[in-house]
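Here is a briefing on one chain and its contact with a partner. Please look at the structure first.

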Amino acid sequence: MAKAKTTKRPDAAGGNRPFIYNRYAPRQLREALAKMQRIRRFEECAEESYMRGHIHGTMHLSIGQEASAVGICMPLNAGDQLTSTHRGHGHCLAKGAEIARMFAEFFGREDGYCKGRGGSMHIADVANGNLGANGIVAGGLPIAVGAALAIKKLKKPNVVVCFFGDGANNEGAFHESLNMASIWKLPVVFVCENNGYGMSMSAARSTAVENVADRAAAYAMPGVIVDGNDLSAVAEASQIACDRARAGDGPTLIENKTYRWRGHSKSDRNRYRTKEEIEAWVAKDPIIRFQDEMKSQGIVDDAAIAEIRAAVEQEIEAGLEFAKASPPPRIEDLTRFVYTDPIP
Amino acid sequence: MNQDIRALSYAEALREAMAIAMEADERVFLMGEDIGVYGGAFQVTGDLIERFGADRVMDTPISELGGAGVAVGAALGGMRPIYEFQFSDFAMLAMEQIANQAAKMRFMLGGAVSVPVVMRFPAGSGTGAAAQHSQSIEAWFAHIPGLKVIQPATPHDVKGMLLAAVADPDPVMIFEHKLLYKMKGPVPAGHYTVPIGEAEIRCAGRDVTIVATSIMVHRSLAAAAELERENISAEVIDLRTIRPIDRQTVIESVKKTSRLICVYEGVKTMGIGAEISAMVVESEAFDFLDAPILRLGGAETPIPYNPDLERAAVPQTPAIVEAARRLVTAKA
């Protein structure tokens, strides 16, 4: 089994710094931190809006998993694509979506990314390469493989990142998709965000192998286990997998071990896990960890962090205002978008 | 349209349509189980792999869910895949990708994408293949907004409708009755399309309208010929598309004949006939009806293996004749 081969490669300057500090400029690293903050604050505010009754339906929050979304997307280019999950707000923002249009979608408005037809569970940003979150566990896996097949056939230099959770690894679609991506050597990066639980069943109880990444062996692709709360480790694994995919060498399965702080959805009473377990993971906050690391590398100080946070707060406030002001869809447009050419 | 008309089988017409589509557009390619050197379970793809190569006539593993999903993803990625199910029965393994993904993606994303995928389903009974290889499940698909569902009944139509399906920006499901594959008929050479959503009056008549789908069109035409000898004039409508249904052609016909029979191979209950009947009674044609509407559909049973039972499980020509006779003579 391949273990995470990450961090602490000696760099040209002879330092012993984690991967991202060699790979990315300070400006890019500050932007990565801003993205993690943006995801965290977006979800906290979405949750608050839900509690206040401004957003209906349900939502699945990825608070605590921000390093996975941001780190995986760091090596991606504009033309690269991703498929996402019901817990997909972070993926969407990491790939470049605007907070304002995401809030507009959650509020069910016309300016939302899906014009208010999809909501949280189907959030997408096709212009930025996000082919959409998916309400069906493992629903995005075959689609990602198909998008990668199109890339190969059209001879494009791009990759598709396929996010899914630990729950998806027991769906048939997972196995069929990994197999096909491997036999056709397609440019896909499969990213399992193992946050420990499906809805309530733990990965330890639901999955016969210890690590989801162990399953890569059955499909003749590298399986990489990563500390999903370590931004640098995630970005490094993603870089290696993307390089391999772009070189035509086929897919990789990355398993980011992480944890969701919140319940599965809004109905969750957390009866399947302990307060102590949650607290232990909250202590491993990926954002604090990255901030502290950046400080020790001399890339930010407390003032710079405060500045980033203030900018995010501003963006959030403006985004909420934008969403509230956006018009709702018209009832007479109920069946619009069912077909490309409307059926009389 | 090219005036060169040949007699081709339904399978040959399909193959010719796929070849024309692939020649015209680099983005079109075929996927499915054993469609390469084997030529497909019903020899529909035949020798296309020799002409277009294994990249464009792609064998897939026996992974219907994954295979259908890959086709959906490839369509999203700018390709024009045509995915062949070996038997329509196997579509049940892939319903998630068809019903939750392909059908809904454009809608869920507020029109940001289209999913131009074509899926082909060899369907129907009559081959002795028993309960898991003989079903007619097209009505299930017609219940799903976002899909288009067609049942071409002739070699001419299957070629033109496949080419219309490939050009369509939305997912199109083609149900092909297996007993039709060897049926021959006139097929123009070159490219032409038969529009999705338009029924065809196969035989004009005055006394009764028979709305039929797929192979039932041919059984209904045979019944109409027989009824003609009894001076009963039947109008046979080949529905061709079951989503979206051509309401106008059916309603106008019933207004003319005042009687309606629906003939389809899928199980009678909750089937296409229920939809056609309801559509007619909800319309202005209701006032023209002189008799109850009759439905002839599949029996309430899985398709049996024994050939006599198998024939008894779906409408045959004598039953159509009998139903029409009853309907027409019932009126004083």
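The contact draws on 42 residues of chain B and 36 residues of chain A, where contact means heavy atoms within 4.5 Å. This is a predicted model: local features need pLDDT of at least 70, side-chain atom pairs count only at pLDDT 80 or more, and totals for chains, interfaces and linings use all residues. Residues are numbered from 1 along each chain as its sequence is written, chains are lettered from A in the order in which they are written, and side-chain values use heavy atoms, leaving out hydrogens and water.

**Interface**

- Chain B and chain A bury about 3100 Å² between them, 69% of it on carbon and sulfur atoms (accessible area, 1.4 Å probe, lost on being put together, summed over both parts).

**The chain B side**

- The elements giving two or more residues to the side that touches chain A are β3 (57–59), α3 (64–76), α4 (95–102) and α5 (105–108) of chain B (DSSP runs numbered from the N terminus: helices H or I, at least four residues; strands E, at least two).
- α3(B) gives the most, with 10 residues.

**Chain B as a whole**

- Chain B has 12 helices and 14 strands.
- The C-alpha atoms of chain B fill a box of roughly 65 × 45 × 40 Å, along the principal axes.
- Buried residues make up 64% of the 332 residues in chain B (buried means under 20% relative accessible area, 1.4 Å probe, protein chains only).
- Among contacts in chain B between residues at least 6 apart in sequence, 82% join residues at least 24 apart.

Terms used: Buried area is the accessible area (1.4 Å probe) that two parts lose on being put together, summed over both. Buried means under 20% relative accessible area, exposed over 50%, partly exposed in between (1.4 Å probe, protein chains only).
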